[in-house]
Amino acid sequence: MASYYDCIVMNGFVVLTGEVKKLDIGIRDGRIAALEQSLAGAEAGSRIDAEGQYVLPGMVDIHVHFNEPNLGHWEGFASGSAALAAGGATCYVDMPLNGNPPTVTTEALALKAGQAEGSSAVDYTFWGGLVPGKLEELAPMFEAGIVGFKAFMSNPGGEGEGRFREVDDWTLYEGMKKIAELGGFVALHAESDAMTSQLADAALAAGRFDAEAFAASRPIIAELEAVNKALLFAEQTGCQVHFVHISSYDAVELIDRAKQRGLPVTVETCPHYLLLTQKDMTALGAVAKCAPPLRGEEQREGLWRMIGEGKLDVIASDHSPCPTSMKLDAAKTFFEAWGGISGAQSSMELVLGEGWIKRGLSLPLLASLLSAGPAQRFGLYPRKGAIAVGSDADLAIVDPNAAYELLEENLFYRHKHSPYVGKEMACRVVATLVRGTVVYSFDGGLARTASGKSLLPLEVGSEKGMMKGSV
């Protein structure tokens, strides 16, 4: 008797670890049950024909800011996760800011998790935060399933009393000792506040409020100084460290040398550092403002070189949305405009279009950065981030021959601004499956039911949150 599958994805070029093969994927009970040259003889509840298309593991975006509670008018779980689904992401990790209260206590975690429940199109879990005055909260947060704790080494900005705060050196050092004892890891926004604040003050005092002055106020040396300090603290405490949104190849090289010395560190960059430059920030305005800022063409090309040399672990969106008025208000200077890029929906298409179609990098390499590496960082691999028998059937189906111009009306964000609007996308996500269920298709749009599930507590036993090594 032929096997029965709930769904079969047929005829696609399937991106596996280290190779691409034309295979059929049999899905049963939300998991991949078979990978065969042909499942034509099998019975199935439904079939998806992926002829001429590529089937990748869904993106695991470990750096998004969905701003509930209390700042859902910036971006909430429903709109943010819909955008991720439309972009081929099947799982995300929500940052502890800019919601208020920030996720730095178990009470705040419960509040945020309650607002995500029933609202998310794709699966999810959460970061915690390392902030001054809350060191006693680290252990309860870890017991609740939080394995990664975000810390800012410079002022994060934001609104309201009780907002997320940057760490002082002592809090960072003591926090890293405690997190190392727990078995978790720290994620760091690595910019020297002493440098960036003084340079910004000097620019404003000189009457410079423009994009070039903003970029000059956050130079690469500020990133390198903070990375170097964090590596010292990691060496002294034994704490695992993940560097978020690294903007310079100089910093990647510094981190890679630490890896070679045996330090347990991983490094992430973002599509905007791979696609855009400081010239784009000047031309587009505050819609392309972020921190660290966009760099020059040499740094962009250097980051692609680092990818080709295997020195990066993760590509994540750092989707940091806000009301459009906070970007485009004519009364605000560039320094006053919100610093964050809306890009979660476009990450996979941008990276595949630029990295695979234009530059010829391999799909398994890019999939390791978009999916396997992030899943490993959170101890979710191979349940997430891989196409393998037994893994969740989290799939992104991409048409490499469906180039299109990204328009505002294509975006699922609550506020439809992005530096990529008007850009020619070289490929298109045509369907996204989460645990075997189609949550988005180009023809049918977003599924009516938000079927994303929380991954708390993490069910990975002794591997909870432990790094598996560089991908």
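At what angle do α7 and helix α8 (residues 249-260) pack, and how far apart are their axes? In this predicted model, local features were considered at pLDDT of at least 70 and side-chain atom pairs only at pLDDT 80 or more, whereas totals for chains, interfaces and linings use all residues. Residues are numbered from 1 along each chain as its sequence is written, and side-chain values use heavy atoms, with hydrogens and water left out.

The angle between α7 and α8 is about 15 degrees, and their axes are 9 Å apart. Axes are lines fitted to C-alpha atoms, for helices over the stretch in contact, and angles run from 0 to 180 degrees between N-to-C directions. Helices (H or I, at least four residues) and strands (E, at least two) are DSSP runs, numbered from the N terminus. The two helices α7 and α8 are therefore roughly parallel to each other; angles under 35 degrees count as roughly parallel, over 145 as roughly antiparallel, 65 to 115 as roughly perpendicular and the rest as oblique. Their crossing is right-handed, a term applied if the near helix is turned clockwise from the far one by less than a right angle, and left-handed if anticlockwise. On the α7 side the contact (heavy atoms within 4.5 Å) is made by I220, E223, L224, V227, N228 and L231, and on the α8 side by D250, A251, L254, I255 and A258. These residues comprise eight nonpolar, one polar and two charged, where Ala, Val, Leu, Ile, Met, Phe, Trp, Tyr, Cys and Pro count as nonpolar, Asp, Glu, Lys and Arg as charged, and the others, Gly among them, as polar.

Helix α7 (residues 220-237) also meets helix α4 (residues 169-182), the axes coming within 9 Å and crossing at roughly 40 degrees. That angle makes α4 oblique to α7. The crossing of α4 with α7 is right-handed. From α4, the residues D169, L172, Y173, M176, K177 and A180 meet K229, A230, F233, A234, Q236 and T237 of α7. By class, the residues of this contact are seven nonpolar, two polar and three charged.

Burial was examined by relative accessible area: buried means under 20%, exposed over 50%, and partly exposed in between (1.4 Å probe, protein chains only). In helix α1 (residues 77-86), nine of the ten residues are buried, namely F77, S79, G80, S81, A82, A83, L84, A85 and A86. G88, which follows α1, has a positive phi near 90 degrees.

The loop between α12 (325-328) and α13 (347-358) contains D329 and S346. D329 is partly exposed, at 32% relative accessible area, and its C-alpha atom is separated by 9.6 Å from that of A286, 43 residues apart along the chain. S346, by contrast, is buried, at 1% relative accessibility. Beyond its neighbours within four places in sequence, S346 is in contact with L406, Y413, Y420 and M425.

A disulfide is a covalent bond between the sulfur atoms of two cysteines. With a cut-off of 2.5 Å between cysteine sulfur atoms, the count comes to zero disulfides. For C322, the closest cysteine sulfur, in C290, is 12 Å away, too far for a bond. For C427, the closest cysteine sulfur is that of C270, at 18 Å, also too far for a bond. C322 is buried, with a relative accessible area of 0%, and C427 is likewise buried, at 0% relative accessibility.
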